[in-house]
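Good morning, and thank you for coming.

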Amino acid sequence: MEKKLLNLLKSNARLSEEELAVMLDTTVEEVIAARKRLEEKGVIIGYNALIDWEKTEYENVTAYIEVKVTPQRGQGFDKVAERIYQYPQVSACCLMSGGFDLFVVVEGKTMKEVALFVAEKLAPIESVLSTATHFVLKKYKDNGVIFNRVSKDEREAVIL
Amino acid sequence: MTIKQMIKRNILDTPPSGIRKYFDLISEMKDAISLGIGEPDFETPWSIREEGIYSLEKGKTFYTSNAGLMELRIEISNYMKDRFSLSYDPQNQILVTVGGSEAIDVAIRTFAGPGDEVIVPEPSFVAYKGCVQFAGAKPVTIELKASHNFKLQPEQILDAITERTKAIIIGYPNNPTGAIMEYDDYKAIVDVLKDRDIIVISDELYAELTYKGRHVSIAQFPEMKDKTIVINGFSKAFAMTGWRIGYACGHPDAIEQMKKIHQYAIMCSPTTAQFAAIEALRNGRGEVERMVNEYNQRRLFMVNGFRKAGLDCYEPLGAFYVFPDLRSTGLSSDEFCERLLKEEKVLMVPGNAFGACGEGFARATYATSLDNIREALARIKRFVDRIKK
C-alpha cells in the first residue's frame with residue numbers, strides 16, 4: 001500500500017485523502033496514518049508544483065554544474081557538499097560516479113546571476129578544484145512530464 | 001429496382017449501432033466529457049511505436065504470410081502459454097487477424113450459416129449479433145442479469161440450445177458490463193457444453209484488464225480446448241487500437257478453414273502492426289502493468305462516484321467499463337443518457353445499445369483521465385440529485 005500511495009502522490013500530489021483511499025481500496029484513516037508515517041520518516045519530504053517557467057513572464061534560468069573537489073580527511077565529500085547545498089540558489093546537489101564529483105543544480109533569474117554565483121561563491125570554496133557550468137536552453141521533459149505537449153483527446157467516435 | 005432493393009435482406013435488417021446518435025450530439029458541444037469511447041486513452045507505448053517505425057525504415061512494407069509473421073506467431077504462442085497456460089502450435093493453431101473484430105467475424109462465418117443458430121449472451125459487444133446476421137445465421141440471445149453479476153448461467157444456455165445451435169459467443173471480461181467469469185463460474189458452463197457439438201467463440205480481448213486474480217479462459221478446461229476458438233489481440237492490453245491487430249487460436253482444422261476466409265478477404269494483417277506487436281509481446285509487460293494499475297485506480301474511483309451519486313453499481317472486475325443501474329431515477333436508459341448529455345454535457349452510452357436487456361443501465365468508461373472522471377461524476381451527481389428531488 002505504501003508504495004502505491006507514493007506512486008499516486010508522485011503523479012499527483014493534490015489528490016485528497018478521500019480520493020486516495022478510494023483508489024487504493026482502503027480507508028481514509030489508513031491513508032492519513034500512512035501519509036503521516038511517511039512524512040515523519042522523511043520519506044515524503046515535500047510537495048512541489050511542476051512549473052514550466054518558459055510560459056510565464058518571469059525570468060528563470062537553470063544551470064547544471066559539474067564540480068570537481070578534493071575530499072576532506074574523515075568527512076569525504078559530505079562536508080564540502082554541505083557547504084554548497086546550503087545556498088538557497090542551489091536546488092539540487094548530488095554526489096556522482098564518473099568524471100566529476102558533485103552535480104549541482106543552480107537556479108537564478110539571469111545567466112549573469114548564476115555565473116556570478118559560480119564565480120563568487122562556488123568556485124572559491126577551498127576544496128573545489130574546478131567547475132563546468134551548463135545552462136539549460138530548453139526543457140523537454142521533467143519529472144516524467146513532457147512539456148509543451150497539447151493533451152487533446154484525439155480519439156474519434158467509434159462504435160463498440 | 002432501387003439500389004436499396006438490391007441489397008441483401010439480412011444486411012438491411014441489421015440495425016446500425018445505437019451509439020451513433022450520441023456521438024453526433026456530443027461532437028457539437030463545448031466542454032462536454034465523453035465517457036463513451038471504448039478504447040484506451042493511453043497512446044501505444046513508445047518502444048512498440050518505435051519498432052513499427054523501424055520496420056518501415058528497413059523497408060518491411062510487403063505482405064506477410066497469410067497467417068502472420070512466424071516470429072509473431074511464436075511470440076503469441078509463448079504469451080498464451082505464459083499468461084493463460086494455453087498451448088497452441090505457432091505452425092497451425094494461430095491466425096493473426098485485423099484486430100479481434102476480424103477474428104470474431106471469421107470464426108462466426110466458419111461455423112455458422114443459413115439455418116444455424118448462434119447463442120449471443122447480452123448485454124455484449126455490439127458486433128456479435130451483426131456478424132451472426134451477416135453470416136446468414138440466427139442470433140439467439142441470452143439475457144444476462146445484474147443479480148448474477150452479469151455472469152453466464154448454465155440454465156440460460158440450456159434454455160437457448162436447440163438442434164440448430166452451432167456456436168456460442170462468450171465475451172469476458174465483458175463489454176459493456178465489466179463482468180468477469182472466474183474458474184468456478186465456468187465449471188457449470190463446461191458441464192453443459194462439453195458433450196455437445198457447439199463451438200465456443202471466446203472473445204478475450206480484455207483479458208489483461210482483469211482486476212481480481214488472473215483471467216480465466218474456458219479453453220483452459222481440457223474438455224473444451226479443441227471446441228473453443230480463443231480470440232485475443234493487442235488493442236486493449238497494449239493500447240494498440242488503431243494498429244488493427246489481433247489473433248485467433250484454436251484447433252488446427254478450425255484455424256486452417258478460418259485462414260481461408262482471412263486470405264481471400266484481406267490477405268494478411270498490416271505488416272507494420274505485426275512488427276510492432278512482436279515488440280509488444282517481448283518487452284511490453286511493464287507498460288501493460290502500469291496501465292492496468294492506473295485503470296484499476298480509476299475503476300475504484302468511478303464505482304465509488306456512481307454510488308455516491310445515488311446509483312446502484314455492482315463492482316465490475318474487468319475491462320474498463322462501469323455499468324451503473326439507472327432504475328432508481330425512474331428514467332429509461334435513453335432518457336437518462338440524452339438528458340445527461342443535454343443538461344450536464346456528459347456522454348454515457350445507454351445499456352440497451354448492447355442488447356434489450358441492457359435497458360435500465362448505462363455504460364461509462366474509465367479509459368479517460370482522472371480529471372475528466374472526477375468532473376463527470378460531479379456533474380452526474382448533480383443530475384441525479386435533480387432527478388430524484
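The centres of domain 1 and domain 2 of chain B, taken over C-alpha atoms, are separated by 24 Å. The assignment for chain B gives domain 1 as 3-44 + 286-388 and domain 2 as 46-284; such bounds come from an automatic or database domain assignment.

Let me state the conventions at this point. This is a predicted model, in which local features need pLDDT of at least 70 and side-chain atom pairs count only at pLDDT 80 or more, while totals for chains, interfaces and linings use all residues. Residues are numbered from 1 along each chain as its sequence is written, and chains are lettered from A and ligands numbered from 1 in the order in which they are written.

How many residues of domain 1 of chain B are in contact with domain 2 of chain B? There are 35 residues of domain 1 in contact with 37 residues of domain 2, where contact means that the C-beta atoms, placed from the backbone, lie within 7 Å. On the domain 1 side, the elements giving two or more residues are α2 (9-12), α13 and β9 (321-322) of chain B. These elements are DSSP runs numbered from the N terminus, with helices (H or I) of at least four residues and strands (E) of at least two. The largest share of that side, seven residues, comes from α13(B). By class, the side has 18 nonpolar, 10 polar and seven charged residues; Ala, Val, Leu, Ile, Met, Phe, Trp, Tyr, Cys and Pro count as nonpolar, Asp, Glu, Lys and Arg as charged, and the others, Gly among them, as polar.

I turn to helix packing. In chain B, helix α5 (residues 70-84) and helix α12 (residues 271-283) pack at an angle of about 30°, with their axes 9 Å apart. Axes are lines fitted to C-alpha atoms, for helices over the stretch in contact, and angles run from 0 to 180 degrees between N-to-C directions. The angle therefore makes α5(B) roughly parallel to α12(B), since angles under 35 degrees count as roughly parallel, over 145 as roughly antiparallel, 65 to 115 as roughly perpendicular and the rest as oblique. From α5(B), residues B:E71, B:L72, B:E75, B:I76 and B:Y79 meet B:Q274, B:A277, B:I278, B:L281 and B:R282 of α12(B). This contact divides into six nonpolar, one polar and three charged residues.

The second pair in chain B is helix α14 (residues 333-344) and helix α15 (residues 370-388), which pack at an angle of about 110° with axes 10 Å apart. That angle makes α14(B) roughly perpendicular to α15(B). Here B:L340, B:E343 and B:E344 of α14(B) make the contact with B:R379, B:I380, B:R382 and B:F383 of α15(B). The classes are three nonpolar, no polar and four charged residues.

Next, a single residue. Is B:Y206 buried or exposed? With 26 C-beta neighbours inside 10 Å, B:Y206 counts as buried; the cut-offs are 20 or more other C-beta atoms within 10 Å for buried, 12 or fewer for exposed, and partly exposed in between, with C-beta atoms placed from the backbone. B:Y206 is in the loop between β6 (199-203) and α10 (222-225) of chain B. Its C-alpha is 5.3 Å from that of B:A319, although the two residues are 113 apart in sequence.

Finally, the chain contact takes 14 residues from chain B and nine residues from chain A. Helix α13(B) gives the most to the chain B side, with four residues.

Methods:
Contact = placed C-beta atoms within 7 Å.
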